[in-house]
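This report is meant for a reader meeting the structure for the first time. Please look over the sequence and the model before reading on.

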Amino acid sequence: MLICVTAIIAGVVIGFVGGAFRWCLNQADRLRIDLVEWAHTLPGPGWLVPMAAAAVGATLAAVIVRWEPLAAGSGIQDVEAVFLGTARPPLLRLLPAKFVGGVLSIGSGLVLGREGPTVHMGAAIGAEAARWARLPDSDARMMQTALGGAGLAVAFNAPIGGTLFTLEEVTKAFRFTTVLATLCAATAAVSCSRLVLGNHPDFHVQPIGAPALAWLPLFVVFGLLTGVLGAAYNRLVLWFLDSVAALRRIPIVVRATIIGAIIGLAMFVYPLAVGGGDTLTQSILAGRHIVLTVVIGYLVVRFVAGPLSYAAAVPGGLFAPLLAVGALWAMLFVGGVNAGWPAAAASLAVPMVLAGMAAFFAATVRAPVTGLVLVVEMTATTEALVPMMAATAAAVLAAKVVGSPPIYDSLRARMPAPDQESPKKS
């Protein structure tokens, strides 16, 4: 009973905090798009405006990380490490650092996800609630894990997906107490966040028909290619982390400033190719026609800018940008299909995009059920579930075959020991 009550109270807190965090990011997205439009009307080098804005945001976020090093990066690997007993539970001071730093980094245009900060803030709230409730150490670690799942549920407005994330990705086990605590926390959290953001799915998708089963082999082929692409993305994330960390003569804050400026330049050329990617993903799901060359441009920019942004070591996650990359990759694949089967391409477009979002997520994170449920909850669409499952299974298989470990396993392996302090934490 104590665990359930504690989870509900903490869930209410992360619900309102996470809802406020998402609201701030929505406002920052609008301001950023308006800023780029204004910069295009300026005489002279208007491209300097978004470069300066993104550089300032990244710099301020890096300064916050100097104050609270645990705020760097996603934070999901930290939640996993605490559950495994290889790291200490976060303190409540992480909450303002992750909130403000996340708004600055993601809001300024860095290609980072809102879910990392929200998961970590939820974990900090759960750890603090466990201290107040005087829970034993094992239950305290479980509580921060459950609240991390509630944070993911708020980030994607997906209570079942958030619960599955805790069980499939973090604990990798279905223990009754963990399931119950996570369900209580996620229910309370999403209910409260919807009071702030509205009671509706994250993405609006027009009704679609289920693709013919004859197309299932095509989704399998698409999934296999997606798995290889996801493995390449993971390796690029780690390569950028190593390459940027190797620049030891350049202060960490300055590195973030330079990366912010680079992203700002990309923002001037492709405004929708930066940030979390929700606006771009919604445009794709709504059936907006995008010229194939522009799709390729968006895909290349986001494929490189996401890992580069993460190397800045500022607050921000990987999940949300993965969904946009998966959607763009699916559009490109459908464009290729259109060359051979023009009549079928139109009916396959949205189902393939949904499959791309789930499959690319699963290939990188290696949590296939979580990826499927997140996409279904975010879009309130189940008609394409069978081909989505086929593509996702194929993507996970391909990523496994090429030897790509789950991205958060790789990131957790790079964490310093609990008694070490490292300003270069990723």
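## Domains

Domain bounds, as used here, come from an automatic or database domain assignment. For this protein, which is shown as a predicted model, that assignment gives domain 1 (1-197) and domain 2 (213-407).

The centres of domain 1 and domain 2, taken over C-alpha atoms, are separated by 21 Å. Contacts join the two domains, with 49 residues of domain 1 touching 41 residues of domain 2.

## Nonpolar cores

The largest nonpolar core holds 122 residues, and within it Phe156, Phe319 and Met388 touch the most other members. Because domain 1 (1-197) and domain 2 (213-407) both give residues to this core, it lies between them. Apart from it lies another core, made of eight residues that include Ile64, Val65, Ala71 and Ala72.

The surroundings of Met388 can be listed in more detail. When neighbours within four places in sequence are left aside, Met388 is in contact with Leu354, Ala355, Ala358, Leu372, Val375 and Val376.

## Helix α3 and its surroundings

Helix α3 (residues 76-84) packs with helix α7 (residues 159-171) at an angle of about 75°, and their axes are 10 Å apart. That angle makes α3 roughly perpendicular to α7, since values from 65 to 115 degrees count as such. Where the two helices meet, α3 contributes Ile76, Val79, Glu80 and Phe83, while α7 contributes Phe165, Glu169, Val170 and Thr171.

How many of the nine residues of α3 are buried? Eight of the nine are, so α3 is largely enclosed by the rest of the structure. The buried residues are Ile76, Gln77, Asp78, Val79, Glu80, Ala81, Val82 and Phe83, and in packing terms the buried residues of α3 lie against α5 (115-132), α6 (137-156), α7, α12 (292-310), α13 (319-340) and α17 (407-413). The helix is followed by Gly85, a residue whose phi is positive, near 85°.

## Cysteines without a disulfide

The count of disulfides in this model comes to zero, and two of the cysteines show how the distances stand against the cut-off of 2.5 Å between sulfur atoms. For Cys4, the closest cysteine sulfur belongs to Cys184 and is 4.1 Å away, which is too far for a bond. For Cys192, the closest cysteine sulfur is again in Cys184, here at 13 Å, and this too is too far for a bond.

Both of these cysteines lie under the 20% limit for burial: Cys4 counts as buried at 16% relative accessibility, and Cys192 counts as buried at 9%.

## Two alanines with positive phi

Ala313 has a phi near 60°, which is a positive value in a residue other than glycine. This alanine is placed in the loop between α12 and α13, and with a relative accessibility of 13% Ala313 counts as buried.

Ala380 likewise has a positive phi in a residue other than glycine, with a value near 55°, and its place is in the loop between α15 (368-379) and α16 (385-401). Is Ala380 buried or exposed? With a relative accessible area of 57%, Ala380 is exposed, whereas Ala313, as noted above, counts as buried.

Key: Residues numbered from 1 in each chain as written. Predicted model: local features only at pLDDT ≥ 70, side-chain atom pairs only at ≥ 80, totals over all residues. Heavy atoms only, no water. Core = buried A, V, L, I, M, F, W, Y, C linked by side-chain atoms within 4.5 Å. Buried < 20%, exposed > 50% of the residue type's maximum accessible area, 1.4 Å probe, protein only. Contact = heavy atoms within 4.5 Å. Axes fitted to C-alpha atoms, helices over the stretch in contact; angles between N-to-C directions. Helix = DSSP H or I, 4+ residues; strand = E, 2+ residues; numbered from the N terminus. Parallel < 35°, antiparallel > 145°, perpendicular 65-115°, else oblique.
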